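Subject: Structure for your review

Dear colleague,

Please find below the structure that I am handing over to you. I would be grateful if you could read it alongside the notes that come after it.

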Amino acid sequence: MMLDLQALGFNSLQQPQPGVWIGKSAEMGLGEKIEVVSPIDGSAIASIQLATPAQVNQAVEAASQAFRHWRTVPAPQRGELVRRIAEQVRQHKIILAELITLEAGKIPQEALGEVQEWIDICDFAVGLSRQLYGLTIASERPDHRLMEQWLPLGPVGVITAFNFPVAVWAWNAMIGLVCGDPIVWKPSEKTPLCALACQHLVQRAIATLPDVPPEVCSVVIGKADVGQTLASHPSLPLISATGSIPMGRAVATTVAQRLGRSLLELGGNNGMIVAPSANLELAIRAIAFAAVGTCGQRCTTLRRLIVHNRIADNLVERLQKVYRSLPIGDPNQEGVLVGPLIDSASGEKMQAALETARQQGGKIFGGDRITEGVPKGGVYVQPAIVEISPDAAIVQEETFAPILYVMRYETLEEAIAIHNNVPQGLSSAIFTENFREAEYFLSPAGSDCGIVNVNIGTSGAEIGGAFGGEKETGGGRESGSDSWKAYMRRVTNTVNYGTALPLAQGIRFLD
Ligand code: UN1
């Protein structure tokens with residue numbers, strides 16, 4: 001392997017890697033041993049000894065201990081930790097991106113972009129650490145002050161997926177840390193090395209500061225049992241989970257049972273409307289990046305294209321031309337834009353969805369497995385374009401692969417109805433030069449998603465905005481704007497600085 005893994009804290013990948021890392025101390029998991037496989041060529045790159053539920057409990061207890069101190073550290077000093085983490089990330093940007101490519105199969109441009117998201121959210125969080133402000137509210141009583149404070153919430157369990165093995169944890173962890181919350185992270189067991197590398201960089205930054213308990217960041221690697229142990233743990237007031245809808249439903253149900261809080265960022269089945277006035281040059285580039293980038297494995301991937309009848313033939317033809325010339329293959333090869341799917345199960349799901357689409361009347365372009373000119377052992381596919389009726393059942397489903405369903409419309413109302421008629425509600429877009437159409441799409445009668453764009457694609461959001469969606473996407477908001485509020489508890493304070501005791505609502509009692 002060419003990667004300089006020592007810079008990321010790995011001594012040798014010959015030995016099993018620790019499945020548990022509580023603060024400074026990396027420990028072998030006492031659970032099952034699994035292989036870590038690179039999707040590029042299916043080769044085993046390491047093995048991991050997974051955490052057991054008992055070890056997860058230890059990590060949570062350590063986080064609870066750390067919280068007792070961390071909550072009292074002034075927020076700008078907590079920000080100083082995040083600033084130092086960002087220094088580490090800047091220094092290790094390229095090597096960390098290389099690890100993301102190796103473990104998740106992303107092309108280097110996108111892997112670097114993912115690390116950039118970590119850097120960006122650090123900068124955002126550092127600024128935030130001098131804000132975190134509440135309101136002062138007019139009190140109805142004389143000589144009283146009514147105000148709110150935002151206080152640290154407690155240790156947060158963060159569950160993330162393979163497709164963004166660094167950035168999504170970083171959104172949660174960097175914001176959580178400045179808010180005063182320790183983080184216990186369960187990464188996808190498909191991308192554990194990225195998580196161990198992140199933990200290493202964080203611990204390096206922690207070691208430069210005298211007043212930070214290392215247990216403010218821990219990692220527990222495992223499968224669903226580890227996620228469920230976090231979800232059911234009463235010492236974790238918040239579970240932030242990113243992944244599939246079934247995973248989110250299972251986690252949210254467990255968290256709800258103990259009346260905890262969950263922040264969910266689940267499946268998207270993202271749509272774009274292309275109106276007759278659209279600038280097709282821009283639209284085609286936006287569609288291509290959103291539909292085939294990351295090999296269709298972003299939660300923001302464009303999966304449904306709703307095109308006006310008048311331009312549909314032309315657009316589909318031009319898109320097919322772009323799809324025919326897509327450089328697909330080893331992500332480390334110069335010029336490649338579409339890397340592999342994560343594993344063969346994912347390839348099978350793609351083929352099954354295409355078969356179902358065919359049975360439901362879909363006209364399929366592309367979609368075949370590619371075996372020539374690509375590394376053996378990886379699952380490489382030709383992204384698919386499927387012309388299909390909006391009534392076909394398959395368009396209701398998110399298949400985590402590059403399948404783009406194309407549907408046609410006549411009126412904007414019809415397009416929006418088609419657009420909103422799915423259970424998920426993450427990201428959406430319209431391409432139009434008509435401002436009334438654009439504004440209508442953004443209005444209450446328009447898209448029902450959490451992210452609604454005009455003349456850009458559905459994926460590739462900046463960290464400054466709140467990220468998340470409605471309906472089965474789960475309703476959570478992470479990353480920028482005021483998403484930090486989910487990681488804190490709001491306290492309402494009423495202070496009487498007078499000499500009398502007036503009661504609210506004018507109630508008289510014992511006076
Ligand atoms: C995800 O796929 O889970 O907006 C996150 C985007 C990225 C994040 C995607 N900034 O596509």
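This is a predicted model: local features need pLDDT of at least 70, side-chain atom pairs count only at pLDDT 80 or more; totals for chains, interfaces and linings use all residues.

Residues are numbered from 1 along each chain as its sequence is written.

The unreviewed UniProt entry carries the annotation "domain: Aldehyde dehydrogenase" for residues 32-489; UniProt positions are given in the numbering used here, feature names are shortened, and annotations may be inferred rather than shown by experiment. That span is 40% helix and 20% strand, and its end C-alpha atoms lie 37 Å apart. Helices (H or I, at least four residues) and strands (E, at least two) are DSSP runs, numbered from the N terminus.

Ligand surroundings

The residues around the ligand are Glu117, Asn163, Phe164, Val168, Thr242, Arg298, Cys299, Thr300, Ser459, Gly460 and Ala461. A residue is near a molecule if its C-beta atom, placed from the backbone, lies within 6 Å of it. By class, this shell has four nonpolar, five polar and two charged residues. Here Ala, Val, Leu, Ile, Met, Phe, Trp, Tyr, Cys and Pro count as nonpolar, Asp, Glu, Lys and Arg as charged, and the others, Gly among them, as polar.

Nonpolar cores

A nonpolar core is a set of buried Ala, Val, Leu, Ile, Met, Phe, Trp, Tyr and Cys residues joined through C-beta atoms within 7 Å. A residue is buried if 20 or more other C-beta atoms lie within 10 Å of its own, exposed if 12 or fewer, and partly exposed in between, with C-beta atoms placed from the backbone. The largest core has 154 residues, of which Val166 and Met174 touch the most other members. Helix α5 (residues 167-179) gives the most to this core, with 11 residues. Apart from it lies another core, of six residues, including Cys449, Ile451, Ala461 and Phe467.

Helices α6 and α9

In helix α6 (residues 192-207), 13 of the 16 residues are buried. For helix α9 (residues 280-292), 13 residues at 1.5 Å a residue should span 18 Å, which agrees with the 17 Å between its end C-alpha atoms; the expected span is 1.5 Å times one less than the number of residues. The buried residues of α9 are Ala283, Ala286, Ile287, Ala288, Ala290, Ala291 and Val292. They pack against β13 (270-274), β14 (302-308), α10 (309-324), β19 (403-409) and β21 (427-431), where contact requires C-beta atoms, placed from the backbone, within 7 Å.

Individual residues

Leu153 lies in the loop between β7 (144-152) and β8 (156-159). Leu153 counts as buried because it has 22 C-beta neighbours inside 10 Å. Beyond four places in sequence, Leu153 is in contact with Cys179, Asp181, Pro237, Leu238, Tyr487, Met488 and Arg489.

Leu259, which is not a glycine, has a positive phi of about 60°; it is found in the loop between α8 (245-257) and β12 (261-265). With 8 other C-beta atoms within 10 Å, Leu259 is exposed. Lys471, also not a glycine, has a positive phi of about 55° and lies in strand β24 (residues 470-471). Lys471 is partly exposed, with 19 other C-beta atoms within 10 Å.

Yours sincerely

Definitions and conventions
Two residues are in contact if their C-beta atoms, placed from the backbone, lie within 7 Å.
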